Amino acid sequence: MIKILKNINKFKNFWKIFKQNKIGVVGLIILLIFIVLAIFAPLFATFPPLTTGAGEAFLNPSFKHLLGTDNLGRDLYSELLYGARITLLVSFIAVITSTVVGVFLGAIAGYYGGIVDSLLMRITEMFLVIPPIFLALVLVAIFGANIINIIIVISILSWPQTSRLVRAEILSLKERPYCKAAIASGASDFKIIFSELVPNTMTTIIVNMSLTQATAILIESALSFLGFGDSSMVSWGLMLNNAQEFFRQSWYMVFFPGIGIFLVVLSLNLFGEGLNDVFNPRRKK
Amino acid sequence: MNYNYLAKRTLQIIPVVLGILVMSFLMIQLAPGDVVFMFIGESGADPEFEAQIRKRLGLDKSVLEQLILYLKGVLTGDLGKSFVMNESVSKIIWDRALPTIILMSSSIIFGAVFGILIGVYAATKPYSLRDNVSMVIALFLYSLPNFWLGQMLIIVFSVNWGILPVSGMESMILGDKSFLMDRLTHLLLPTITLGSTLGAFVMRFVRASMIEALGQDYILTAKSKGLSDGKIFFKHALKNALLPVVTYIGLRLGYMLSGAVVIESVFGWPGLGLLMLDALFERDYPLIMGLFIVISLSVTIITFIIDILYTYLDPRIRLK
Amino acid sequence: MFLILEGKNRMENNKLLKIENLKMHIKTYMGTVKAVDGVNIDINRGEIVGIVGESGSGKSLTSRTILKLLPEGGEVVSGKILFHNKDLLKLNDNELRNIRGSKISFIFQNPSTFLNPVLKIGDQIAENILLHQKIDKREIKNIIISVLSDVGLRNPDKIINCFPHQLSGGMQQRVMIAMAISCKPDLIIADECTTALDVTTQLQILDLLKNISKKTNISILLITHNLAVVSYLCSRVYVMFEGKTIESGESKNFFSRPQHEYTKKLLNASKQIENSKFYSNHEINKILNIENLNKNFNLPGSNEPLKAVNDLSFSLNEGEIFGIAGESGSGKTTVANLLMGLLEVNSGKITFINKEINQYLKYEKKNFRKNIQMVFQDPYGSLNPRKTIGTTLSLAIKIHFKLSEDEIKNKVFELLEKVELTPPEVFYERHPHELSGGQQQRVAIARAISTEPKLIISDEAVASLDMSIRSEILKLLKKINIETKVSMIMISHDLSVLKNMCNRIAIMHLGKIVEIGDKEKILGSPQHNYTKKLISATLEIPN
């Protein structure tokens with residue numbers, strides 16, 4: 001019971017500081033708006049997803065079609081709302097899985113060093129030199145472009161960065177006397193890594209999650225844009241792919257899905273910046 | 001010349017190179033369906049040819065032996081033959097490499113220059129208006145999906161205003177423009193699109209690097225000698241701050257090539273990215289894997305060269 | 001009357017620097033810090049004056065304010081700084097820059113970070129000279145070479161083309177001094193300039209400064225927390241506390257007759273702790289025996305491994321306090337890490353309570369960990385910043401004793417009381433950053449005794465603490481030794497710390513024990529050359 005109260009207190013303190021950081025707050029607000037829109041998409045949308053012929057093609061924004069229609073008469077506004085779901089869901093699941101894997105591997109590699117560490121470093125270096133989209137495209141081409149695969153692929157692309165970050169932190173924390181003292185006290189390796197060291201990297205991990213999700217969204221959109229996303233679902237990237245042929249007829253087919261991606265990614269980056277400022281304040285002496 | 005470091009780095013990239021090759025081998029092996037069809041296409045080929053391919057790939061042997069065969073082949077430059085285009089994969093890639101090289105080079109130069117200039121400018125007065133505005137600009141730039149940026153630029157400059165070409169690397173008919181001008185106008189928008197993301201990251205990095213350099217102890221020493229602020233900034237801090245930028249750009253090469261694929265698609269730029277997309281649509285696996293290997297290894301080697309270059313630039317590593 | 005005036009004028013002319021009631025405040029987001037709050041200092045020509053104080057006393061900031069090298073948010077609120085009778089605070093930026101580096105120059109604490117790593121040594125010195133004097137560029141090289149030899153550097157022509165990292169700490173500091181004297185200043189301000197150096201190097205640098213001042217009549221303002229350094233070098237001393245100069249006087253009188261309460265406290269803390277009885281049951285059990293211990297490290301870029309510990313042998317009895325003295329690089333910390341099992345031994349035998357350590361680590365790890373504990377140098381780093389004191393102290397207890405939650409809590413309270421952190425309930429809930437350095441170290445000691453060990457290793461446990469706190473912690477350790485009869489190994493680079501703590505002392509140099517024996521014998525009649533060097537370099541306050 002006391003623990004819960006302690007945590008609520010911690011959160012209140014955090015919020016007090018975070019509130020002052022305008023950038024972070026703006027990011028959080030935009031993000032929350034999109035999350036709400038995505039969750040309640042069926043409520044807000046005026047047409048079910050992928051309804052061709054909801055209106056005439058290439059209509060300008062009007063009262064009936066808030067953002068206009070595309071080449072097949074689909075209502076852009078509704079498409080946008082349903083697209084938000086995919087964008088947020090895919091990226092979120094990918095971030096969670098890649099972070100769990102990344103933290104685990106990075107912590108083990110950082111703590112034990114030696115062969116385990118070298119192995120991890122070489123593997124993450126591989127992911128650094130292979131252009132992400134290339135790898136994603138090859139994997140999707142071989143294993144198929146459905147939503148599960150895409151989540152897996154994005155997770156595979158995201159974990160190396162996280163593990164490198166965690167590894168670097170653990171490497172330096174490992175040298176701190178309190179870690180040596182914990183060893184001297186007789187604590188098990190597992191306890192030392194995950195009870196003493198990793199909690200001290202939490203702030204880095206959380207900031208990283210926000211930024212990783214931003215990247216994940218950009219990758220997912222790019223994949224859909226290139227035609228390798230899950231074509232059975234509405235996706236902003238796919239909408240932009242579709243719009244590629246129709247620049248002359250309708251610029252809003254390009255504008256709105258893109259702005260959507262931009263705003264969500266921006267909000268995540270802003271939120272991450274805000275978190276970073278709270279956790280690592282740049283003190284103006 | 002620090003030969004120890006050179007040797008160490010060389011030893012380090014060998015596993016990476018091997019890893020990439022093994023990875024591509026595994027991807028082929030793990031694909032659903034019979035491996036053969038990846039190399040002869042799904043439409044039926046005559047059984048004799050199929051048997052030939054099976055033999056050549058060593059599909060009747062153990063996986064380990066197949067791997068060795070594969071490695072041998074790749075390391076001697078044999079990436080197989082594209083059955084769709086009926087030419088050796090190596091040749092196809094070689095022919096299409098130049099446009100991508102041009103695009104990457106111009107984008108890197110643009111992004112680096114742009115990023116360094118603004119990053120240094122922001123660092124002249126940290127936490128001031130110019131700094132905050134610059135950082136917000138950077139934030140916006142790297143939050144943009146670059147393909148969308150490309151599309152919007154095309155709409156504004158090519159479709160609406162018509163001052164720049166819509167796509168491709170060159171015009172069909174030159175008209176009254178010179179050859180060089182034509183190429184440059186085609187190169188402009190793709191460069192800006194691809195380079196702006198790099199510019200945003202470089203901006204942030206340079207700014208942070210400068211601020212860190214300015215906070216170092218030796219800056220106090222410089223001040224205590226009576227040096228002017230400008231001299232301290234440009235002679236003492238800048239050199240220290242810009243040193244790691246070289247490595248940083250190397251780190252972003254993979255991501256840039258990633259972006260290049262998408263940009264080539266948006267602008268119809270006939271480079272390796274577009275080639276990859278075509279290959280994917282055609283299910284031309286030899287070409288797909290060949291491109292994967294070539295691109296990955298290129299980045300590896302270039303990063304390696306940049307690393308070596310850095311050791312030459314930083315006196316702390318150069319002389320030890 | 002005329003003669004009296006003339007005498008007074010001469011005195012005035014001799015006065016180089018006069019700081020009158022200087023106040024400098026720093027605006028932070030947490031409020032205004034009165035960093036310098038009333039400082040009065042006089043410096044005459046050719047004098048070496050010292051400012052002593054503990055951390056936070058404002059001594060460094062005072063020195064930097066002289067040339068207006070203020071930190072972010074700093075502002076001079078009142079006062080005068082008269083240099084050759086001109087108020088430095090009234091000068092504009094250009095005039096100030098003319099004085100910096102040419103009439104008044106600085107030497108800082110840590111030469112490795114205070115020299116620009118990507119510029120050559122020659123460059124950095126030339127920069128200073130060219131800025132302030134009109135000298136032909138062709139002449140510059142010779143001037144730099146001569147000034148480098150003036151500070152005792154051999155091969156100055158090679159050093160000109162070197163980068164800072166290619167030189168040792170002592171050499172780097174000499175370079176800084178060369179830079180400071182290159183324009184023949186009137187005053188050198190040395191801010192903790194020997195704190196980061198080895199004892200023997202420190203002595204060399206102090207002698208160098210003494211000689212320079214004598215030869216060229218340059219005044220030196222020496223900032224330090226080390227009273228022994230001040231008594232060695234300075235003719236006059238100022239004591240600073242909380243931003244104010246609270247006492248001053250001639251060096252020779254000062255240490256024998258301090259006036260102010262704080263000064264007395266400072267002196268007492270720095271002097272030796274009173275001799276108290278040891279638990280001496282030496283003839284009984286040997287609890288630790290080390291035979292021919294060897295530990296090598298492989299250095300990158302070198303074929304020869306570094307022999308950090310080289311054929312080391314000694315033994316320890318129950319209840320003994322054993323001291324290991326040595327400079328950095330002597331291998332003393334490596335010995336500690338080997339004993340703790342944090343590093344693997346290359347060869348040799350360590351027997352602890354009748355069993356070899358290897359056996360312990362393989363089969364009885366927990367038992368081993370229970371019986372040997374360590375107190376580290378960095379008090380803040382030795383506590384997990386995210387855990388409360390209570391949680392940190394409970395960790396070892398939970399592992400080694402089967403007790404209920406309440407029993408553990410009580411034990412922690414007991415421990416806190418033993419290390420004089422009362423009321424224990426309050427400290428139980430605190431986080432490390434809420435404690436002072438001394439308090440943090442007490443917690444570290446509490447943790448060390450929490451498992452009821454047979455041996456505690458203290459690795460420079462007081463080196464990072466202020467003078468006044470140091471003696472308290474050492475007293476605490478002694479108390480624990482007497483009460484619980486736990487053996488201790490005290491590792492320090494500072495012989496004055498070991499002087500009255502230890503029964504026996506071993507002197508380590510480059511991985512070997514060069515001399516070992518009873519404390520009186522070692523300190524009274526040292527045999528080995530290195531021991532003699534170390535003893536003489538250990539400065540002490542005269543009685």
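Predicted model: local features only at pLDDT ≥ 70, side-chain atom pairs only at ≥ 80, totals over all residues.
Residues are numbered from 1 along each chain as its sequence is written, and chains are lettered from A in the order in which they are written.

**Exercise 1.** Describe the build of chain B.

Step 1. Take the elements: chain B has 14 helices and 2 strands. Both are DSSP runs numbered from the N terminus: helices are H or I, at least four residues; strands are E, at least two.

Step 2. Take the extent. The C-alpha atoms of chain B fill a box of roughly 85 × 55 × 35 Å along the principal axes.

Step 3. Take burial. Of the 320 residues in chain B, 40% are buried (20 or more other C-beta atoms within 10 Å of their own, with C-beta atoms placed from the backbone).

**Exercise 2.** Work out what chain B brings to its contact with chain A.

Step 1. Count residues: 37 come from chain B and 34 from chain A. Contact means C-beta atoms, placed from the backbone, within 7 Å.

Step 2. Find the elements. Helices 1, 6, 7, 11, 12 and 13 of chain B each supply at least two residues.

Step 3. Sort by class. This side of chain B has 28 nonpolar, 9 polar and no charged residues. Nonpolar covers Ala, Val, Leu, Ile, Met, Phe, Trp, Tyr, Cys and Pro; charged covers Asp, Glu, Lys and Arg; the others, Gly among them, are polar.

**Exercise 3.** Repeat this for the contact between chain B and chain C.

Step 1. Chain B gives 20 residues and chain C gives 26.

Step 2. The side of chain B that touches chain C divides into 6 nonpolar, 8 polar and 6 charged residues.

Notes. Contact = placed C-beta atoms within 7 Å. Buried ≥ 20, exposed ≤ 12 C-beta atoms within 10 Å, placed from the backbone.
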